[in-house]
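Hi,

Here is the structure I promised to pass on to you. Have a look at it first, and then read my notes below.

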Amino acid sequence: GKFIRINFDAHGYIAGANIETYLLEKSRSVRQAAGERTFHFCYQMMAGADEAMKRELLLSDVTGYKFITNGNVTLPGVIDAEEYLITMEAFETMGLSHDEVLSVHRIISACLHFGNFQFMENRTEQAELPDQSVAEKICHLLNISVTEFVRGLLSPRLKVGRE
């Protein structure tokens, strides 16, 4: 992946930028070793979003999400709620609208919920969802059809050749 650091002057204009290349280990996105965390914004949002926002994002306690509870949830010297406020200020500085910021929150929340999917295999060796509540939450957050989402998730279609 690439990380782009944009530097601003005192007037808010871009003064320069640095691009850093890094290796993003996909395994760290969904499972962390002891002492590691996944994406910091997940923890910031869980600690800093107010209760109304958490209700809107269908979020519960931080321990309820498999993607973020395998690693060390807290870091010494890091106060996630304060970091969340700094991130919100950065969104404002960048000129993101309220709807755009809400969309970021909804996508991150949907990703957290996605980690809670449980699948089972039926007699025809086809995957099934024993409970659609996680799919319903994700689809509500992303404003997409539950039926189409579940169909695409459980019965993917491959396009081969000129099909």
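Helices (H or I, at least four residues) and strands (E, at least two) are DSSP runs, numbered from the N terminus. Methionine 94, for example, sits in the loop between helix H5 (80-93) and helix H6 (98-114).

A word on the source: this is a predicted model, where local features need pLDDT of at least 70, side-chain atom pairs count only at pLDDT 80 or more, and totals for chains, interfaces and linings use all residues. Residues are numbered from 1 along each chain as its sequence is written, and side-chain values use heavy atoms, with hydrogens and water left out.

The protein has eight helices and four strands, in the order β-β-α-α-α-α-α-α-β-β-α-α along the sequence. Of its 163 residues, 26% are buried (under 20% relative accessible area, with a 1.4 Å probe and protein chains only; exposed is over 50%, partly exposed in between).

What about disulfides (pairs of cysteine sulfur atoms within 2.5 Å)? The search of the whole structure finds zero. For cysteine 42, the nearest cysteine sulfur belongs to cysteine 111 and is 7.5 Å away. Cysteine 42 is buried, with a relative accessible area of 8%, and cysteine 139 is buried too, at 2%.

Finally, contacts (heavy atoms within 4.5 Å): among those with a separation of 6 or more, 53% join residues 24 or more positions apart.

Enjoy exploring!

Note on methods
Disulfide = S-S within 2.5 Å.
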